[in-house]
Amino acid sequence: MSTKATIVIIEDEKNICSFISRILEPEGYRVITSNTGRDGLQHINSNHPDLILLDLMLPGISGEEVLQEIRKQGNTPVIILTAKDTIDDKVEVLQSGADDYVTKPFDIKEVLARVAVQIRRMEGSFSEGNLVYQGLELDRENFCVRVDQTELPKITRQEFSILELLLKHPKKVFSKEEIFEYAWEEAYMGETKTLDVHISNIRKKIKSVTSKEYIETIWGIGYRLHP
Ligand code: CA
């Protein structure tokens, strides 16, 4: 990292805040903690963090509302801190625009790894040129996606990575496993719902600006760009 990445933590339990700060600061991150959603949003506006760690169960403005507010403003990566751990809870979190989640109680290594993935992806996405396929353009400098010059609604990091992989090799059929491991940078455990939700989110966003279809489902295998 050339400059220190800034991370905002929004979590009402002060001991969890200081616990996470103590893990992240020695790794070279600048950490700002806040105990309410309102406070957190102010920190986000004034510090433009590179990553946000967000608890869902907050007094006052809920974590879900904070996330909505963050997504109105941009696509800063958000990792949700949650005690809910059913697959439906996770899918709901991802559908609402978060990039990833960590389940309480935390494993220190897991928190560090997930933070590093999001930071690395963001740095990577700024360093290369645009990818274009039949009017679909991935703008890696501005982190946005356009179809025939019209910008899609705000896209998440994982959605961006999925499109990036598909656009890098437009004719290739990718297995769900390959896409998952590229976009999440972790081993695929055979759970496909998370990826399917992201693909469906991407399709919805594309559909909101064009009638063209870009992602084709190859049944039993995975996905590719429509030839
Ligand atoms: Ca809480």
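Colleague: Where is H48 found?

Modeller: H48 belongs to the loop between α2 (37-47) and β3 (51-55). Helices (H or I, at least four residues) and strands (E, at least two) are DSSP runs, numbered from the N terminus. This is a predicted model, where local features need pLDDT of at least 70 and side-chain atom pairs count only at pLDDT 80 or more, while totals for chains, interfaces and linings use all residues. Residues are numbered from 1 along each chain as its sequence is written, and side-chain values use heavy atoms, with hydrogens and water left out.

Colleague: What is phi of H48 near, and is the value positive or negative?

Modeller: The general idea is that most residues other than glycine have a negative phi, and most peptide bonds are trans. H48 has a positive phi, near 40 degrees, although this residue is not glycine. H48 is also exposed, with a relative accessible area of 62%. Here buried means under 20% relative accessible area, exposed over 50%, and partly exposed in between (1.4 Å probe, protein chains only).

Colleague: Which loop holds Q149, and what is its phi near?

Modeller: Q149 is in the loop between β8 and β9 (150-151). Its phi is near 75 degrees, again positive in a residue other than glycine. Q149 counts as exposed too, at 68% relative accessibility.

Colleague: Is the peptide bond from K104 to P105 cis or trans?

Modeller: That bond, from K104 to P105, is cis, with omega near -5 degrees. P105 lies in the loop between β5 (100-103) and α5 (108-125).

Colleague: What is the order of the open sheet of five strands?

Modeller: Strands of a sheet pair through backbone hydrogen bonds, either parallel or antiparallel. In this case the order is β2-β1-β3-β4-β5, with parallel pairing. Two strands pair if DSSP finds at least two bridges between them. β2 (30-34) and β5 are the edge strands, each pairing on one side only. From one strand to the next the twist averages 20 degrees. Inside the sheet, four bridges join β1 (residues 6-10) to β3, where L51 is the bridge partner of I7. Four bridges also join β4 to β5, with I79 opposite D100 in β5.

Colleague: Which way do the residues of β5 point, and are they buried or exposed?

Modeller: In a regular strand the side chains alternate between the two faces of the sheet. In β5, D100 and V102 point one way, Y101 and T103 the other way, and all are buried.

Colleague: Which strands does helix α1 lie across?

Modeller: Helix α1 (residues 14-24) lies across β1, β2, β3 and β4 (78-82), and runs at about 175 degrees to β2. Axes are lines fitted to C-alpha atoms, for helices over the stretch in contact, and angles run from 0 to 180 degrees between N-to-C directions. Contact means heavy atoms within 4.5 Å. Helix α4 (residues 87-95) lies across β4 and β5, at about 145 degrees to β5.

Colleague: What is the order of the open sheet of three strands?

Modeller: That order is β10-β12-β11, with antiparallel pairing. Its edge strands are β10 (174-175) and β11 (215-218). Two bridges join β10 to β12 (residues 222-225), and S175 stands opposite G222 in β12. Helix α8 (residues 193-207) packs on this sheet and touches β11 and β12.

Colleague: Which residues have the most contacts inside the largest nonpolar core?

Modeller: In soluble globular proteins, nonpolar side chains tend to be buried together. A nonpolar core is a set of buried Ala, Val, Leu, Ile, Met, Phe, Trp, Tyr and Cys residues joined through side-chain atoms within 4.5 Å. The largest one here has 29 residues, and V145, I162, L163 and I179 have the most contacts inside it. Its largest share, six residues, comes from α6. Setting aside neighbours within four places in sequence, L163 touches L136, L138, V145, I155, I202 and I215.

Colleague: At what angle do α6 and α8 pack?

Modeller: They pack at about 85 degrees, with axes 10 Å apart. That makes α6 roughly perpendicular to α8, a label used for 65 to 115 degrees. Q158, E159, I162 and L163 in α6 meet residues of α8, among them L195 and I202.

Conventions. Parallel < 35°, antiparallel > 145°, perpendicular 65-115°, else oblique.
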